[in-house]
Amino acid sequence: MRRLLRVARDPFAVPLLARGWQRAVPVLLGIGTLCVLGGLTIIWAARLTVPYPVYVSELGAQGAPTAGPFALALLLIAVGGFAIAVASGHVRSSAPLLARWTPAATLGFAALCFVLASQVTCTAYCPVPLVDPKSTVQDLVHTVSAVVGFAAACYAMLQVGFSRRLPRLSLLSRLSCGAVAVITIVGGLLAIVRVGSDVGAWLELIGTTVAIAWIAVYAVALARVPLGSATVVEGADAAAAEPEAGAALDVA
């Protein structure tokens with residue numbers, strides 16, 4: 001039973017899976033980085049074709065000329081994020097409250113949210129759900145999936161921000177998490193009250209850019225760290241926690 005729990009928590013610790021995964025990590029990180037940056041580039045290219053202020057989700061609204069490219073951009077970000085999540089399965093947070101699951105699981109969940117947001121777009125002009133009477137269930141699904149996806153990405157930043165493996169990236173991750181939270185909250189509030197929509201739209205785009213760019217930076221940072229040394233660091237933390245876990249299982 002204890003062995004099964006260990007495998008469920010860290011499947012890549014199994015020798016057979018670990019060998020295949022270690023060979024795939026550089027490829028996954030490369031594909032993930034290209035997809036994420038490609039999606040971000042498409043979002044900016046689409047936004048620059050619109051001569052008036054729009055929020056990011058409005059680029060993919062029904063009937064918008066940028067709806068197709070925006071859906072493709074979100075799918076690329078989702079594919080890239082999922083690839084990077086699989087490649088980062090060995091990363092652990094050092095903070096007990098953030099270590100209940102891995103950053104990889106959080107990033108993978110965010111990718112699934114982006115897939116849903118790309119397929120269920122908002123209606124024309126993206127009315128704010130529950131605030132604008134023109135909003136529909138479709139708007140609610142899109143908004144919730146997009147917001148939850150970016151919240152998950154921020155949580156992944158926070159988890160990596162307290163990881164001992166990448167000290168420089170840890171600081172950058174904490175700063176990025178704080179910046180995205182502040183920028184998107186201010187932009188979202190401006191969208192709800194419909195005040196300063198031009199400022200709010202640019203703030204949301206900047207917050208989105210920081211979050212997506214962080215995923216790419218995370219992948220590049222992981223590519224520069226040898227898997228062997230990283231595993232030793234995290235393995236020491238896991239070994240320290242193992243007696244407590246074993247005691248709990250024995251009691252149960």
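Predicted model: local features only at pLDDT ≥ 70, side-chain atom pairs only at ≥ 80, totals over all residues.
Residues are numbered from 1 along each chain as its sequence is written, and side-chain values use heavy atoms, with hydrogens and water left out.

View 1. Helices (H or I, at least four residues) and strands (E, at least two) are DSSP runs, numbered from the N terminus. Starting at the N terminus, the order of elements reads α-α-α-α-α-α-α-α. Of the 252 residues, 43% are buried, where buried means under 20% relative accessible area, exposed means over 50%, and partly exposed is in between (1.4 Å probe, protein chains only). Take the contacts (heavy atoms within 4.5 Å) between residues at least 6 apart in sequence: 74% of them join residues at least 24 apart. Accessible areas come from the Shrake-Rupley method with a 1.4 Å probe; for residues, only the protein chains shown count as cover.

**View 2. A nonpolar patch lies on the surface.** Its members are Phe 109, Leu 130, Val 131, Leu 140, Val 144 and Val 148, and together they have about 540 Å² of accessible area. Patch residues have over 30% relative accessible area and no salt bridge; like charges are joined within 9 Å, and nonpolar side chains (Val, Leu, Ile, Met, Phe, Trp, Tyr) within 5 Å. A salt bridge is a side-chain nitrogen of Lys or Arg within 4 Å of a carboxyl oxygen of Asp or Glu. Helix H5 (residues 137-161) gives the largest share of the patch, 3 residues. Look for Val 144 in helix H5; Val 144 counts as partly exposed because its relative accessibility is 43%.

**View 3. Ser 88 sits in the loop between helix H3 (67-87) and helix H4 (103-119).** With a relative accessible area of 0%, Ser 88 is buried. A polar atom of the Ser 88 side chain lies 3.1 Å from the backbone oxygen of Ala 85. Beyond its neighbours within four places in sequence, Ser 88 is in contact with Ala 104, Tyr 218 and Leu 222.

**View 4. Gly 188 belongs to helix H6 (residues 167-193).** Gly 188 counts as partly exposed, since its relative accessibility is 29%. Gly 188 is 15 residues from Leu 203 in sequence, and their C-alpha atoms are 8.9 Å apart in space.

How values were computed: Polar contact = N/O pair within 3.5 Å; in protein donor to acceptor, adjacent residues only side chain to side chain.
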